[in-house]
Amino acid sequence: MNDDSFSIAFRREKCHDFLLKHDVELVLNQYDAIVIGAGHNGLTNGAYLAKAGLKVAVLERNPYIGGATVSRELYKGWYYSNCSYVSSLLRPEITRDLELPRHGLQVVPFGGGATFMRNGDYFGSYSDHDRHYREIARHSKKDANAYDRYAADTSRQTRLIRPFLLKTAPDPTSLKPRDLRDLLEFAGSFTALGEEGLLDTIKFWTASVVDYLNEYFETDVIKAHMAGSGIIGTALGVYSPGTAYVLLHHYMGDVDGNVGSWGFARGGMGAIADSLSKAFRSFGGEIICDANVDEIIVKGGRAKGVALKNGDEYYADIVVSNLDPKRTFLDITNPKDLPADVIKKAENFKIRGSSGKLNIALDGLPVFNGLDPKNRLMQGDLHFSDSLERQERAYDDWKNGTWSKDPYLDMMIPSLTDPTMAPPGKHMMSVFVQYAPPKINGGEWTDEDKDGFQKSVIDQISNYSPNFRDLILHVECRTPREIEAEVGLTEGNIFQGELTFDQLLFNRPFPGYAQYRAPIKGMYMCSSGTHPGGGVMAAPGANAAREILRDLHRPNPVPGGYADD
Amino acid sequence: MTKYDAIVIGAGHNGLIAASYLAKAGHSVIVLDGRASPGGCASSKAMGEGFTVSDCAQWITQLDPQVVSDLKLGQHGLSLGEAKATIALQADGDHLMIKGDQVSGAGITSTDQAALRTFKSQIQTFTALMNKAYQARAPKLVDHNWTDRITLMKLGLGLKLMGRANMQDLMRIIMINIYDVMNEHFDHEGLKGALALDAITGTNMGPRSPNTVFSYLHRAIGEQFGIKGPQQVIGGMGQLGMALAQAAQSLGATIQLGTAVTSINKTDDRVTGVTLDTGESLAAKVVLSSADPKTTFRDLVGYQHIETGMARRVEHFRTRSGTAKLHLTLSGLPSFNGLADDDLSERLVIAPSMDAIESAFNPMKYAECGPSQVFDISIPTVEDPSLAPSGQHQLTALVHYLPYAPTEGWDALRPKVLDQLIEQLGIYAPSLRQQIMTSELITPADFEVSHGLSGGNWHHGELAIDQALMMRPFPGSTQYQTALPGLYLCGAGAHPGEVSWDFRGKMRRTNCSSKET
């Protein structure tokens, strides 16, 4: 109540000084805060600002919301999660706090996964511990016995990092009491590991995923199956130092408190955006689609609103960009409003396209290496790269400026778990493809390139499944070109910026600007390009909202720290 | 049975320096080495008719002047050549000349020239701080003691004093790859390639591998000693070994060559001595091993004498390397396109671009030899004629990247690769092939045999962040003390770890004397 009257007064006062400057009808476009981009982070950010009583508008370029968390019916009766395709990282604190289940979100965990081998065999990954042990033992007794040690060490690392996801990263160069306090807390949780534990952590955060796995396992296919998580969405190979962290980044999520497990959002990833938008609207927020932002309006060094490509203008003293750092600072901000160092930093920001995607409508279930399609493994993530060398060679192709001839695939059949994705008896297949470069030998992608890329994927799958080709009803192929053009992810990078150390924590997106505040007063960043980074996590959006409300000295409804698992 | 205060395993430069400082501190020391001549990797050998080649280390880049004067190495016959400029050879004969922060030739722009000055001066700022960390014992982070606390504070302060911009840059780039950093600063492919070469020498990483900025800073630290470029040892690298051996002896240390240590002996959980290949046993209060950690713990101590966790760490200590060495004896002075004869005394590198280095690196990952390699060339006989019969010359080159264990096996591959390397050099020096009298290729596998380097790794273990500083060689055996009482590490496998480099000796002294006297 009190809060409401405050916000009304706040709004009236805003309208007042506008009436002085503008003609009346512009007041219609007057908000307390404008969020650019209705992706999951934009909606989360908007939801918390609205919850705190601000009048918020989220502007979306596309006619539909969701950004990279969408479900689209591109072929009659089939729903494609045609960008992000599985959920795990979405912060449980936010799910609970915004009551997303009440707004229709249901995440169904899927079991296991498999890597099919050239010799006709496969390596299955089961969620049941004992079944999993037996499967590893089928390939190597030694590896089976090492698995528990691996699982324990890895989960120790995830437990270490999870509390920092819903926190603003402290700036080590600052002497502000708050930064010093947070730094000490940060250091504290590390020193609590003890000398050896700490050094192991540093190893984990800097080593290559292969070197990390080598400490536990000896069998190529088992290492290859696990190493995949170390390269997904990243322009690095399994042998590149730093990929062990990317593995961690894929392990630190949870479904219903099961850390490390992944699930499907019922109805596709769009369900996440939908539930967020419902929560946002329930707080009085407004979503405006087909609103393509041209430039952020800056007056007297303060953000004052945005101008659209169609000439419309929307006004607010708070402008939040959910676009990646390159687009934010190089496209929609006028260089004259920015310090030179920020432009340089934005230019040097590493946001590399490394992956593509195929979404395939199937007439029935394909059979791989004779594995019974009803086997639970089929509901999980399926791969064909049965050796580390094949994965690394796929990366060499990327370095040479072309798509992988023998790509690493992360393949799913969500309709096995969620029948709403396809008509009865039919199936929807989502194939994430690593690697695909943003440019082909320095040039733009052509349609021929796109066909070649699609062929290399279909061919690989067919090698393991005789009936696959005949089942294909429709294929949507997305190279970095399509992902950039449609979703607006620069170079088609799914994380809105490489997850390397120069771009993590207090370095994300760049040193000195890692606390969601842009160099322009009243302008903020809430995208995956900020801490804690990519994945459908919603943490950047929430963290940014917390900082904004802090600046406004408003009651702060954003959950911080973390609810234990 | 003769009892010494300290037994030093290995007469490499680190072993000899450790021994010298211990002897200087009044301890009775014996140095044992299976090789016939002292110096370890700082060694020379005879080749062909009257040639002396440095058969392992080739350049002095980081020899601490403090050690040189402490041990009076000058009086013991050590003399170093001129600091070399680096000439980055370009296929068209218009080469790039890099000296310190100056660069010229090959159509280099003034923008890049200015950028190099800025870059180098920032690197200086960074290496100054790293040097602080290297001159001290790498501080532990949790199990504090006052020495470590003080070092940590000094480092933290140093980091702050760099200024905000530098501090941010260091924390941003320290873990990433040289490829991106080069692209942030420079345009000229040749310049980027030549600089990136320093980041990958002696590693098994390509320019795109994160961690290469760290290894670049590590090499650049020599500049902190005022070394303006790589130097050669007059008379061959072996002279450094000789000088160090003489210094050690003159300080009272005993050096016994040609007798290898076969095992490190333990009685009741304490290391008490060593057994030699002669069957004889020696006892000592402490044993220092300058052998690499794998050799030390796996071969000399033996897994049965250490705990499982530690054995696992030893086993997983990474010692891969893709650096090989090429030796050519030549009937005359080779002529390189676009180079004057006196240019030939400089350091010549063939690394046309970072992508060229990367594609040389790729095949090594799969135990294959790529079609084209990257070279770090020295023609030592121009500055030091004593290394060859008059009028004749030798060419030695570090070659990246050749695998440790190629699938075809080295016996089958060696002649092929040797020919391929000479062919590639021919692009820059067409008449070279006709001048060759004898040739030799030393692979990483050969280094393991000839110099006892596990995996052929010059640093006794990869210089990655997780194997550096207080993590070197591995948790539980840092700060030169191992988990075994009485056994110390004084080789490159201990912090800070380098080929021609020497702080560990000094630190060993402080440690031992405080412990043993």
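Keep in mind as you look that the model is predicted.

Let's start with strand β2 of chain B, residues 29–33. Is this strand enclosed or open? Four of its five residues are buried, so β2(B) is largely enclosed by the rest of the structure. Here, a residue is called buried if 20 or more other C-beta atoms lie within 10 Å of its own.

Now look for the strands that pair with β2(B). One of them is β1(B), residues 3–9, which pairs with β2(B) in the parallel sense over four bridges. To find a spot where they meet, pick out I7(B), whose bridge partner in β2(B) is I30(B). How does the chain get from β1(B) to β2(B)? The path leads through helix α1 of chain B, residues 13–24, and this β-α-β crossover is right-handed.

β2(B) is also joined by four bridges to β8(B), residues 254–257, and these two strands run parallel. Here you can find V31(B) standing opposite I255(B) of β8(B).

Next, turn to the contact between the chains. In chain A, 32 residues are in contact with 30 residues of chain B. Which elements of chain A give two or more residues to this side? They are α7 (194–206), α8 (209–214) and α14 (388–399). Of these, α7(A) gives the most, with nine residues. Sorted by class, the side of chain A that touches chain B has twelve charged, eleven polar and nine nonpolar residues.

Technical notes:
Residues are numbered from 1 along each chain as its sequence is written. Chains are lettered from A and ligands numbered from 1 in the order in which they are written. This is a predicted model: local features need pLDDT of at least 70, side-chain atom pairs count only at pLDDT 80 or more; totals for chains, interfaces and linings use all residues. A residue is buried if 20 or more other C-beta atoms lie within 10 Å of its own, exposed if 12 or fewer, and partly exposed in between; C-beta atoms are placed from the backbone. Two strands pair if DSSP finds at least two bridges between them. A crossover is right-handed if, with the strands pointing away from the viewer, the path from the first strand over the helix to the second runs clockwise. Two residues are in contact if their C-beta atoms, placed from the backbone, lie within 7 Å. Ala, Val, Leu, Ile, Met, Phe, Trp, Tyr, Cys and Pro count as nonpolar, Asp, Glu, Lys and Arg as charged, and the others, Gly among them, as polar.
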